[in-house]
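Me: I have a model open and want to learn how to read it. Can we take it feature by feature?

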Amino acid sequence: MCASYGLDPRFTDDELLAEADEALLEGLREWAAANAGETLRPTGKNLRNLSPIVVDDGGEATLEPAWWGFLVNGEPAKFPSINTRSERLQERPGALKSRALVPATGWYELKKPERVWHEFGLDTSALFGMAAVTQRGRTPDGQWFTCYSIVMRPAPAHLAEVHDRMPVLIPTAFARDWLSAQGDRELIDEALLAAASLDDRVVTVPRADDKGAERLF
């Protein structure tokens, strides 16, 4: 399960989109700088810590503040919704109708039974995109938000000893397809194949906690 991730404004290479608009990247840097290095966590019911996602808007990739986790019938979902298993999407691809990329520079997992935090990321401190499915939801006071759930898959062998699941990372060559292609079983299958091309570049290091005080490299 991915329950926390980082967005460091000092990200080096851009591996989010093949042709990322400079305004989009600058917007991410500004948001991350204002966030002051705080770890991104699921949105709270009272403290609405919205996080940036990248969505398709008429063929253009744009940033949107979004609620991490689903809102259902005017309240936070009663089922776990911050993550969605890739296997579930293969079985029920209807949830792929609306999608996003979640920009990140790393994510955190707790290795058990040692209970040691580990940070995962790409080998160049690059900004990358995690696959997400989205849906609209409203809060009890009637406000509407785009809500997102990060898609998770089985981890490759060299990472599974730390944690058996990982986000589906979307390489730049597949980013536009993930955002705008038809949402069906073929799309999630192709996304998993594309994600596997990044497996050898994912590294992990132990951390004292998941507060993001240290840099991966």
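Me: Start with one residue. Where is the place of E119?

Reply: This is a predicted model, so read every value as computed from it. E119 sits in strand β10.

Me: Is E119 buried or exposed?

Reply: Compare its relative accessible area with the cut-off: buried means under 20%. E119 comes out at 6%, so it is buried.

Me: How many residues separate E119 and E15 in sequence, and what is their distance in space?

Reply: Keep the two separations apart when you read such a pair. Along the sequence, E119 and E15 are 104 residues apart. In space, their C-alpha atoms are 18 Å apart.

Me: Now the whole fold. How many helices and strands does the protein have?

Reply: Count the elements before looking at any one of them. The protein has five helices and 15 strands.

Me: What radius of gyration does the protein have, and what would a compact globule have?

Reply: Set the value beside the expectation for the chain length. For 217 residues, a compact globule would be near 17 Å. The protein has 16 Å, which agrees.

Me: What share of the residues is buried?

Reply: Buried residues account for 49% of the 217 in the protein. The surface is a separate reading. The protein exposes about 10,400 Å², and carbon and sulfur atoms supply 50% of that area.

Me: Which residues does V151 touch, beyond its neighbours within four places in sequence?

Reply: Locate the residue, then list its partners. V151 is in strand β12. It counts as buried, because its relative accessibility is 0%. Its contacts include T84, S86, L89, A131, A132, V133 and W178. M166, P167, V168 and I188 are also in contact with V151. M1 is 150 residues from V151 along the chain, yet the C-alpha separation is 9.6 Å.

Me: How far apart are Y148 and S125 in space?

Reply: Here the sequence gap is 23 residues, and the C-alpha atoms are 24 Å apart. Y148 also belongs to strand β12, residues 144–154. At 0% relative accessibility, Y148 counts as buried.

Me: Loops next. Where is the place of T39?

Reply: Name a loop by the elements on either side. T39 lies between α1 (22–34) and β3 (51–57). T39 is buried, since its relative accessible area is 11%.

Me: Which backbone oxygen lies 3.3 Å from a polar atom of the T39 side chain?

Reply: That oxygen belongs to K211. Now widen the view from the polar pair to the contacts. Not counting residues up to four places away in sequence, T39 touches S4, Y5, Y108, D210, K211 and G212.

Me: A36 is found in which loop, and is A36 buried or exposed?

Reply: A36 is in the loop between α1 and β3. At 61% relative accessibility, A36 counts as exposed. Check its backbone too: phi is positive, about 55 degrees, although A36 is not a glycine.

Me: What is the phi of R115?

Reply: R115 has a positive phi of about 60 degrees and is not a glycine. Its loop runs between β9 and β10. R115 counts as exposed, because its relative accessibility is 58%.

Me: Last one. What does the side chain of H163 reach?

Reply: A polar contact of 3.4 Å joins the side chains of H163 and E109. The H163 side chain also reaches the backbone oxygen of R165 at 3.2 Å. H163 lies in the loop between α3 (157–160) and β13 (165–167). At 15% relative accessibility, H163 counts as buried. Leaving out residues up to four places away in sequence, it touches M1, E109, L110, F120 and A155.

Methods. Residues numbered from 1 in each chain as written. Predicted model: local features only at pLDDT ≥ 70, side-chain atom pairs only at ≥ 80, totals over all residues. Heavy atoms only, no water. Helix = DSSP H or I, 4+ residues; strand = E, 2+ residues; numbered from the N terminus. Rg over C-alpha atoms; globule rule 2.2 N^0.38 Å. Buried < 20%, exposed > 50% of the residue type's maximum accessible area, 1.4 Å probe, protein only. Areas by Shrake-Rupley, 256 points an atom, 1.4 Å probe, with all protein chains shown as cover. Polar contact = N/O pair within 3.5 Å; in protein donor to acceptor, adjacent residues only side chain to side chain. Contact = heavy atoms within 4.5 Å.
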